Amino acid sequence: MLKDLNPQDVVKLCQDEGVRFIDLRFMDFPGLMQHFTVPVTELSEDSFEEGFGFDGSSIRGWQAINESDMLVLPDPRTATIDPFSDSPTLILYSNILDPITKERYSRCPRCVAQKAENYMISTGLAEVAYFGPEAEFFIFDDVRFSQGPDHGFYFIDSEEAIWNSGREENPNLGYKLRHKEGYFPTPPADSQHNLRSEMVEMMIECGIEIECHHHEVATAGQAEIDLRYDSLTTMADKLTMYKYIVKNVAKRAGKTVTFMPKPIFSDNGSGMHVHQSLWSKGKNLMAGDKYAGISQEALWYIGGLLKHANALVAFTNPTTNSFKRLVPGFEAPVNLAYSSRNRSACARIPMYSPSPKAKRVEWRVPDPSCNPYLAFAAMLMAGLDGIQNKIDPGAPLDKDLYDLPPEEKALVPQVPGSLAAALDALEQDYDFLLKGDVFTQDVIETWISYKRENEVLALDLRPHPYEFFLYYDI
């Protein structure tokens, strides 16, 4: 992504690179990137003020059919040459506007993220919020699933999965990763090192800074590629481009990628720990002389995250599958506490570097199924609320949570256990999101109703394959 470009720069870039098409991209309400494409002759400097019209009635969670006309307004700072298009194509991320009032559409996720940043600046608490997500995903060789009134199933497969240790592969070379032993092995056990490197190289070519990549804990191709931190909206842009690159590089290699939090039973799920810090006048406001070298503002920020955690989960872990990962008693960060080293706590202060510039809060609850624009905005609003109201996060929890006696463990609150419970929590706690008109009442209500009707209820109505194992002979 080419920063600091203006409309004139973009038009010149198209001429210099022989661009033939402009791909206008925007995110739907639940969090899937959408696009439509116009010939480059349709783009001019005026396009960045006038926008392009389109029908928004078929976008999930958006306008009704009787008010479907909308405008997509491209952001010149997001210009990226598409590495996968056969014809030279320029990608432009865009905001959604009302065609009559020219105001930002309240349900446009990217607009929500920008409003969160603007609200933060208006409070005087900080000038920039940096976010650094660690998105995990699975690379499979085959996936099949189907659901109907007479059946429901899924099958997944991976050449490095432990369940294939006895498969006839002519020859089977035996390098299969055992459950929970996928963290940092070298090739040939790590069969996807070269594929991840190819993904990283393409990300770098597209202007995305990468810190590292590695195999993750689970068998069957779990991976992680870490992005270098950036400001809130820009990082959400980068994360969506990250997903686009990962999926398409894998497809080109005859493989498939999923960001589902828990596609495999009995092994680790995919999380997305999100590192966060506030800066002003070039100073990291999270650094100080309090616990673990953080500031009072950082403690209050954590207090806000902890206070609003149950509601936040509705945005940071927004699928029914998310809660197959957030299960108490395992490694998932379900405990509403903070610590400098305890990885089962929801909030952690990383201790890798003593530098004040490196001080940050790592919120470990989210997973990569989230809409990053909405999830990052919600976390920032919770943290700002913590600072504004000086919310005390309490004492840190540095004990091993797995060894706590039952009476102590019972005193540690935990995140909701289902999407339905998270939506109920959001329904009871959302005033902090309405500040600065960042999230509107309509956005909150639409999110809750969409998730309940299209996901919670849809799953509740269908028999589960495991129920046949449990109950068929009753």
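Reader: How far apart are the mean positions of the positive and negative charges?
Author: They are 4 Å apart. The protein has 45 positive and 68 negative charges. Keep in mind that this is a predicted model.

Reader: Okay. How many helices and strands are there in the protein?
Author: There are 14 helices and 18 strands.

Reader: And what box do the C-alpha atoms fill?
Author: Roughly 65 × 60 × 50 Å, taken along the principal axes.

Reader: What radius of gyration does the protein have, and what would a compact globule have?
Author: The protein has 23 Å. A compact globule with 474 residues would have a value near 23 Å, so the two agree.

Reader: What share of the residues count as buried?
Author: Of the 474 residues, 53% count as buried.

Reader: What about the accessible surface of the protein?
Author: That comes to about 21,800 Å². Carbon and sulfur atoms account for 52% of that surface.

Reader: Now contacts. Among those between residues at least 6 apart in sequence, what share join residues at least 24 apart?
Author: The share is 68%.

Reader: Show me one residue with partners from elsewhere in the sequence. Where does Glu-134 lie?
Author: Glu-134 lies in strand E7, which covers residues 128-140.

Reader: Is Glu-134 buried or exposed?
Author: Buried. Its relative accessible area is 19%, and the cut-off for buried is under 20%, so Glu-134 falls on the buried side.

Reader: Which residues is Glu-134 in contact with?
Author: Leave aside the neighbours within four places in sequence. Then Glu-134 is in contact with Glu-224, Asp-226, Gly-271, Met-272, His-273, His-275 and Glu-362. Arg-364 is another residue to look at: Glu-134 and Arg-364 are 230 residues apart in sequence but 9.5 Å apart in space, C-alpha to C-alpha.

Reader: What about Asp-142 and Val-334, how far apart are they in space?
Author: They are 31 Å apart, C-alpha to C-alpha. In sequence, 192 residues separate Asp-142 and Val-334.

Reader: Where is Asp-142 found?
Author: Asp-142 is in strand E8, residues 142-148. It is partly exposed, with a relative accessible area of 35%. Setting aside neighbours within four places in sequence, Asp-142 is in contact with Phe-155, Ile-156 and Asp-157.

Reader: Is Asn-371 buried or exposed?
Author: At 0% relative accessibility, Asn-371 counts as buried. Asn-371 touches Met-27, Asp-28, Phe-29, Pro-30, Gly-31 and Pro-109, not counting residues up to four places away in sequence.

Reader: Switching to cysteines. How many disulfides does the structure hold?
Author: It holds 0 disulfides. Take Cys-108: the nearest cysteine sulfur is that of Cys-111, 3.4 Å away. A disulfide needs two cysteine sulfur atoms within 2.5 Å, so Cys-108 is in no disulfide. Cys-108 is buried, with a relative accessible area of 2%.

Reader: And what is the nearest cysteine sulfur to Cys-212?
Author: That of Cys-370, 19 Å away. Cys-212 is in no disulfide. At 31% relative accessibility, Cys-212 counts as partly exposed.

Reader: Next, the backbone. Which residues does a cis peptide bond join?
Author: One joins Asn-170 and Pro-171, with omega about 5 degrees. Pro-171 is in the loop between strand E9 (151-157) and helix H4 (193-205). Another cis peptide bond joins Pro-187 and Pro-188, with omega about 10 degrees. Pro-188 is also in the loop between E9 and H4.

Reader: Which residue other than glycine has a positive phi near 75 degrees?
Author: Ser-266. Look for Ser-266 in the loop between strand E13 (256-258) and strand E14 (272-280). Ser-266 is partly exposed, at 38% relative accessible area.

Reader: And what is phi of Asp-437?
Author: Phi of Asp-437 is near 60 degrees, again positive in a residue other than glycine. Asp-437 sits in the loop between helix H12 (431-434) and helix H13 (441-460). At 46% relative accessibility, Asp-437 counts as partly exposed.

Note on methods: Residues numbered from 1 in each chain as written. Predicted model: local features only at pLDDT ≥ 70, side-chain atom pairs only at ≥ 80, totals over all residues. Heavy atoms only, no water. Helix = DSSP H or I, 4+ residues; strand = E, 2+ residues; numbered from the N terminus. Buried < 20%, exposed > 50% of the residue type's maximum accessible area, 1.4 Å probe, protein only. Rg over C-alpha atoms; globule rule 2.2 N^0.38 Å. Contact = heavy atoms within 4.5 Å. Areas by Shrake-Rupley, 256 points an atom, 1.4 Å probe, with all protein chains shown as cover. Lys, Arg positive; Asp, Glu negative; His and termini not counted. Charge placed at Lys NZ, Arg CZ, Asp CG, Glu CD.
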